[in-house]
Amino acid sequence: MSVHSRRSVLRGAAATAGALAAGTAATTAAAAATTTGTAIGGPKSHVGPADPRYGFLAGRGYNERFTGSPDHIRLVGSTDDVVRAVNDAVRAGKRVAVRSGGHCFEDFVDNPTVRMVIDMGAMTGVYYDPARRAFAVEAGATLGEAYRRLFLGWGVTLPAGWCPEVGVGGHVAAGGYGPLCRRHGLAVDHLYAVEVVVVDRAGKARSVIATRDATDPHRDLWWAHTGGGGGSFGVVTRYWFRDLPEPPADVLSFTLQWSWEGLHEPVFTRLVHNHGRWFERHGDRYPDLYTEFLLFRRQQGAVMLIGQVSGAGAERVLDEHVAALGAGVGGPTSRTQERQPWLVAALKGSDDTFGWRLKVKSGYLRRPFTDRQIAVAYRHLTTDDPHIVGGAVSLNSYGGRVNAVPPHATATAHRDAILKLFYLSAWAEPADDARHMAWIREFYRDMYADTGGVPVDGGAYIGYPDTDLADPQWNTSSLPWSTLYYGDNAARLHAAKRRWDPRNVFHHALTP
Ligand SMILES: Cc1cc2nc3c(=O)[nH]c(=O)nc-3n(C[C@H](O)[C@H](O)[C@H](O)COP(=O)(O)OP(=O)(O)OC[C@H]3O[C@@H](n4cnc5c(N)ncnc54)[C@H](O)[C@@H]3O)c2cc1C
């Protein structure tokens, strides 16, 4: 998902499509509301249902399908605050969950059994730590805050997600990818260390700093945070990153559309083929080109290619790519492009909408879609049901530097994909839940009909969690959900989980 999909593409479009919009003003406001006060860590940091802040804080999760009802939200301002909050939760026998940016797609935080939410919204520090020779970013910072402060302070950036309102806390633990990753690798490929509040067998909370140093006895805790996903090992208070790259001075941002009017099935098939073949053959030669190819449902009028490209030959690279996509199809029906300073592009999206009901799914592609899969996509994207508007599958460019890292070096096992897939259904009314859930579930099942309804060849991304992968009704393959998300790394993650959270204090439906 991206800035463009929010700002240029979906604003004013069918309401349900707006859920592709990523940003939430609420997230920013949460950070602002808590960083300026002095009460963090004091009595005012315990926010119960009678507190006027409760509704706002309890409701800041991105997916409107889920609502939490914790007894307390704990606003924390330091690692010690987190230790205290976790000790209180364990002592009281309350299920605890942690929220940073609030952009979780599943109910891992907003679940009725969660009785205490630790809200990291006040821990937003970004600084250089000379002792560790690394940049420290606190877990409550949004990606946008991290980008702005790293760039303005030191001229560097973290290669990570395209949505500036996503929280560093959950994003990095999931792996974290975005526009600069084909050039510079994933966010976790730069992760040097992590500070985590964990709970020992006796039920006592303490903070641990785990590094990637080969001699570090806590190294497996660092490793678990390089793609094992958030919410399963403890509370991350800060990450340290090394070897952060300089971003490009400017980027060419673009939005292209192919109207559905011209996309009869053979044309649609050719277009999707052209796209997949290009990434299979040429993708790695153009690491500065980032694209999301958004195959929206036909009711939305068009499919779109959005993204950015940098470097001196940016216009030429884009022209060549667009020409390759249009071979035998014809050019796009509309095209806009704009050169911008990199930071402007990176921070776009803060005026976006919030408040949609969502179901998402994911997959990695090692090879382009097959003819059968393109035919399935065409069928599900063009069904006539007028109530299902906000559905799409997005094919996001991947590979490049991401694939230069061995699959076991980090917990992110998927190091051979050319494209990352993001399936989305988005709607407004609870009464429409069943219809939209059925649409995306059947679409996904049919795409992977040859492999038990799930992406056995390629796997899935824990940053786009989908609890259906753990449901035998929807995963009829022989692979458990954990193998789909973690490949061969699943067993090692289970071991880290047993070591660092022996009482299973931190858990959700997709905990390793
Ligand atoms: C609009 C939108 C755009 C996105 N764009 C991208 C993208 O470009 N690239 C990409 O890779 N992903 C993207 N994602 C996915 C995103 O990376 C994940 O949803 C991520 O987990 C969100 O982190 P968060 O802190 O905002 O969410 P939260 O809801 O706060 O947390 C998500 C999960 O992580 C856990 N968690 C959060 N903070 C901590 C912490 N401090 N310690 C331990 N566990 C924690 C939570 O308990 C929960 O299980 C996007 C998601 C959305 C909704």
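I looked at Arg 99 and Asp 110 to begin with, and both are buried (under 20% relative accessible area; exposed is over 50%, partly exposed in between, with a 1.4 Å probe and protein chains only). I'm working on a predicted model, where local features need pLDDT of at least 70, side-chain atom pairs count only at pLDDT 80 or more, and totals for chains, interfaces and linings use all residues. Residues are numbered from 1 along each chain as its sequence is written, and side-chain values use heavy atoms, leaving out hydrogens and water.

Arg 99 and Asp 110 make a salt bridge, with the closest N and O atoms 3.0 Å apart (the cut-off is a Lys or Arg side-chain nitrogen within 4 Å of an Asp or Glu carboxyl oxygen). My search of the whole structure gave 37 salt bridges.

Next I checked Arg 441, which pairs with Asp 468 at 2.8 Å between the closest N and O atoms. Arg 441 is in helix H13 and Asp 468 in the loop between H13 and helix H14, so the pair ties together parts 27 residues apart in sequence (helices are DSSP runs of H or I, at least four residues, numbered from the N terminus). Asp 468 counts as buried because its relative accessibility is 3%. I also found both residues in a salt-bridge network with Glu 106, Lys 359, Lys 361 and Asp 466.

Asp 501 is buried at 2%, and Lys 497 is buried at 7%.

Last, I looked up Pro 266 in helix H9, which is exposed at 61% relative accessibility.

Definitions and conventions:
Helices (H or I, at least four residues) and strands (E, at least two) are DSSP runs, numbered from the N terminus.
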